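Here's a quick tour for anyone opening this structure for the first time. Have a look at it, and then we'll walk through a few spots together.

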Protein chains: 2
Amino acid sequence: MNLAILGFGNVARALARLLHKQRGAHPFRITAIHTRRGTAVEASGLPAEPAFGPPAASLDEVLDGANAQVLVELTTLNPESGEPALTHIRTALRRGLHVVTANKGPIACAYHELREEARRRNVRLLHEAVTMDGTPVSNMVRHCLPAAAVTGFAGALNSTTKVILEAMARGHSFEEGIAQARALGVAEGDPWFDIEGWDSACKAAALANVLMDARTTPAQVDRKGISRLTPEKLAEAAAKGKAIVLVSRARRTTQGVKLRVRAEVLDRDDVLASMHGTSNLLLLETDLMGQFGVFTLDPGPEQTAYGVFADLMEIARNT
Amino acid sequence: MNLAILGFGNVARALARLLHKQRGAHPFRITAIHTRRGTAVEASGLPAEPAFGPPAASLDEVLDGANAQVLVELTTLNPESGEPALTHIRTALRRGLHVVTANKGPIACAYHELREEARRRNVRLLHEAVTMDGTPVSNMVRHCLPAAAVTGFAGALNSTTKVILEAMARGHSFEEGIAQARALGVAEGDPWFDIEGWDSACKAAALANVLMDARTTPAQVDRKGISRLTPEKLAEAAAKGKAIVLVSRARRTTQGVKLRVRAEVLDRDDVLASMHGTSNLLLLETDLMGQFGVFTLDPGPEQTAYGVFADLMEIARNT
C-alpha cells in the first residue's frame, strides 16, 4: 500500500522510522513526502533518506506522481480554519484516496462533511492520533462499544496548561510555567493557543464530532482559558486539597451536544486531576457501559505516529 | 443467535435485561439457563421470566436441548481449580460452541489450552468481562494495537482491598473495612480471597495469559495480600503523602513473564493510586505505544454484562 505524506515534522519522521522497522511484516511504501519547503516523489517508493526537490506547485501534482492509495496528513495546524489540512483532505478524498490524519483541525472543523465525502467515495477517513497521541479512542469506541452510545465526556487533554498550572501550584510565575512547557517541548508553537483553551476546544469538538456526531466546530465551544489564574489562586486551591485543571467537557442535551472548556477546581483525588506533565486522560460517559476512560503517560511523537500506523493497518486489513 | 447461559446471578440477570432491551436491533435468543438450583431450556427461546425445572443432570443434557451457538459461562468462581467453569467451557468447545465468559478462573488457569481447543474447533473464546468489568481490554488490544506487543502491565484491580485500605487510611479498623466492602457489595463471597491477593493474582494471570501469552496460572504469581497492614501503617504512609494500593504487576523477562501482587506504597499522585472504592485501572506497557491505560469508575453488574454483550456482538459480526 502506497502512502503520500504531507508534512515532515517530528510525527512524520517518527512514522517513517516506524514504517521502515515494520516493513518486513507490514509493507507500506512511502511514495511521496510533500512539505512547504520541498517535495520528494517516487512511485516505486522513496529511500529511507529521500532527496527533496523544490516544493511541488500543488497537491494534485504530488498525487499525480505518487500512485498512492492513502494520504497521510501531518501538516501544521491552523486551528481556526483547519487549513491547509482541510483542503488537502478534500483533494485526496475527491481523488478516491483513503485519508489518515493526526491533524485535529479538519476533524474539529468539518468532520461531518469529510466523513460523508469519504462514504460517497467508498474510502476511509481515520484520525486516531488527533486527540490522545495515538491512545485508542476512536478505534476503541468503533470496535469495542457495540450498540452503546457516548453520552458525554470529560478530558484533561492539554499538556501546556497542565505544566503551567503545576508550575504555579509550586509557586512559580505564569511566565516560568510557559518556559517549563517550552523546555518540555509541549508548547512548540504559540503557547497562547493552549493557554486560551483553543487546543482543548479543538479536541473537544473533534471528539464530539467523532464520538457523538455533534457536527460542531471549535468556535461553538463555550471556552475560557487559564490566563487569569495566578500562583496565589493555585496555592489557595492546594490549601483546600484541590487541584485546578483545564477540562474539556461534552454532554448531550435536548438542544444538542454542549461543549465547554474551563479551568475546573477538582478534588485532588478526582481522576481528571490524576494526570501530570504531558500525560492526558479522557473519561467517557456511556449509556450501556457506565463511566470509563483511557489515559496516556508522557506520550511523544512516537505514540502519535503509532496512532497513524494503527489507522493504516486498519485500512490495509479492510482493503 | 442462540445462547445457553450458565449461572444466573447478578451479571447473568443484567445480561438478560440488556439482551431483552436490545432484542429489536440485536436478536440474541436465550434458549437455556442452567444453575445448580434449576434449569430452563426452550430451543425456540425462553420467556423474559423463565420457569425453572429441577437442575439438569449434566451440561450435555442442557446443550442437547438448547440448540445454542454460544455458551455464556457466568457461574461462581473456584479460583484454585477454575472449576466448574473450566469443565463447562471444555464441554462447550468440544461440541463446537463459541464461548463467552466473565469467569476469570478458566482464563487465569488454562487459557492456552482453551484457546488452542477453540482454534481447532474454529470457534471463538471471548472473555472481555474477566478482569475489568466490561471495560475494553482484550478486545481493545486485539483491535486497536496492531503489530504492538504488551511488554508489561500494572493494575489496581481489586475493589475489596481498595475499600479496606481506604477505610484504614481514615482510621477505621481492618474489620470495619471489611464491613464497608460488604456494604458496598464488593466482597460478596469470602473476603479473604481478595485480602490475600488471590483475586489480584487471578486477574494478573488472566491478563498475562491473554495479553502476553504467558501460559501461567494464579499459583505462579508471587503474591502477598494486605492482611498484615494496619491503620497505623496507612496513617504513616498518608503522613508522607503516600497511598498504599494492592497492585498486580507483570513484566517480561528473559525467564518469561514475571507476575507479582503486592501492597505497594505509591506517591499519592501516581495514576495507580487515583482509583477509589470500586473503580479500577490498568496501565499497559507496550513496545510501540509507550505507556497507556484504561480505567472504570464505579462499575456494577451492568458493566460486566455489557462486556459479555460486546463479546456476543463480536461473535455475531464474524459468523
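Let's start with β1(B), residues 2–6, which runs parallel to β2(B), residues 29–34, with five bridges joining the two. (Helices, H or I of at least four residues, and strands, E of at least two, are DSSP runs numbered from the N terminus; two strands pair if DSSP finds at least two bridges between them.) In this pairing, N2(B) sits opposite R29(B) of β2(B).

How many residues of β1(B) are buried? Five of its five are, where buried means under 20% relative accessible area, exposed means over 50% and partly exposed is in between (1.4 Å probe, protein chains only). In a regular strand, side chains alternate between the two faces of the sheet. Here both faces are covered: N2(B), A4(B) and L6(B) are buried on one side, and L3(B) and I5(B) on the other.

## About the model

This is a predicted model, so local features need pLDDT of at least 70 and side-chain atom pairs count only at pLDDT 80 or more, while totals for chains, interfaces and linings use all residues. Residues are numbered from 1 along each chain as its sequence is written, chains are lettered from A and ligands numbered from 1 in the order written, and side-chain values use heavy atoms, leaving out hydrogens and water.

## Where the chains meet

Chain A and chain B each put 40 residues into their contact (contact means heavy atoms within 4.5 Å). Together they bury about 3200 Å², 69% of it on carbon and sulfur atoms; buried area is the accessible area (1.4 Å probe) that two parts lose on being put together, summed over both. On the chain B side, M289(B), F295(B) and Y306(B) lose the most area to chain A, together 21% of what that side buries.

Ten residue pairs are in polar contact between the chains, both residues at pLDDT 80 or more. (A polar contact is a pair of N or O atoms within 3.5 Å; within protein, one must be able to donate a hydrogen and the other to accept it, and residues adjacent in sequence count only if both atoms are side-chain atoms.) The strands β12(A), residues 291–297, and β12(B) run antiparallel, joined by seven bridges. One of the pairings puts Q291(A) with L297(B).

## A buried arginine

R262(A) lies in β10(A), residues 256–267. It counts as buried because its relative accessibility is 18%. Its side chain makes a polar contact of 3.1 Å with that of D222(A).
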